[in-house]
Amino acid sequence: MAIERTLSIIKPDAVAKNVIGKIYSRFETNGLKVIAAKLAWLSPQEAGAFYAVHQERPFFKDLVSFMISGPVMIQVLEGESAIAKNRELMGATDPKKAEPGTIRADFAESIDANAVHGSDGEDTAKNEIAFFFPAMAVYSGR
Ligand code: ADP
Ligand code: MG
């Protein structure tokens, strides 16, 4: 077990539903601390670059369109096993398959509009944090 950092995004559907606070509350009550945050409206270029790993997937175009359909709330979460913990709180990618009580089960409508993003491993966490908060590594040495 170790203190980790992970990148979380509250997607346009959940921001539009006005549940940023409810989702933050899930993080806070489960030992994850918000250590950096910004509300942003992504450009097609930013959303495409962020999801570049999915470039060849059939849903890539829809994913980018959805991610630029409204503002998103982007945060770095820190805590014990933060990467896995956040994935656990999020629930499965398809909200219909997500465990009851998870963020996606409670706030998401579909596999496209699924409320949240969370890094899926140590390398992606590092890269995704650097993508949205390039100064963090410089200031914190992590
Ligand atoms: P996760 O967000 O759970 O890590 P992935 O990394 O596999 O899931 O996919 C990234 C995002 O792409 C998902 O959150 C979802 O918004 C979208 N996505 C994934 N699979 C599909 C699919 N089969 N159809 C439509 N959208 C999808
Ligand atoms: Mg993923």
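How far is an oxygen atom of ligand 1 from an N or O atom in the side chain of K11? The distance is 3.0 Å. Keep in mind that this is a predicted model.

**Polar contacts of the ligand**
- The side chain of K11 places an N or O atom 3.0 Å from an oxygen atom of ligand 1.
- For the side chain of R104, the distance from an N or O atom to a ligand 1 oxygen is also 3.0 Å.
- I111 takes part through its backbone: one of its polar atoms there is 3.2 Å from an oxygen atom of ligand 1.
- On its own, ligand 1 has 530 Å² of accessible area, and the protein covers 79% of it.

**The site around the ligand**
- Ligand 1 takes up the space of the largest pocket.
- Residues surrounding ligand 1 include H54, F59, L63, R87, T93, D112 and N114.
- The shell holds 4 charged, 3 polar and 3 nonpolar residues.

**Aromatic pairs**
- The model has 5 aromatic pairs.
- One of them joins F50 and F132 in a tilted arrangement, with 5.1 Å centre to centre and 40° between the planes.
- F50 belongs to helix α3 (residues 44-50) and F132 to helix α7 (residues 122-132), so this pair ties together parts 82 residues apart in sequence.

Methods
Residues numbered from 1 in each chain as written. Chains lettered and ligands numbered in written order. Predicted model: local features only at pLDDT ≥ 70, side-chain atom pairs only at ≥ 80, totals over all residues. Heavy atoms only, no water. Near = heavy atom within 4 Å. Polar contact = N/O pair within 3.5 Å; in protein donor to acceptor, adjacent residues only side chain to side chain. Areas by Shrake-Rupley, 256 points an atom, 1.4 Å probe, with all protein chains shown as cover. 1 Å grid on protein atoms, 1.4 Å probe; cavity = no way out; pocket = protein on both sides within 12 Å on 5 of 7 lines; lining within 4 Å. Sits in = over half its atoms within 2 Å of the grid points. Nonpolar A, V, L, I, M, F, W, Y, C, P; charged D, E, K, R; others polar. Phe/Tyr/Trp six-rings, centres within 6.5 Å; stacked < 30°, edge-to-face > 60°. Helix = DSSP H or I, 4+ residues; strand = E, 2+ residues; numbered from the N terminus.
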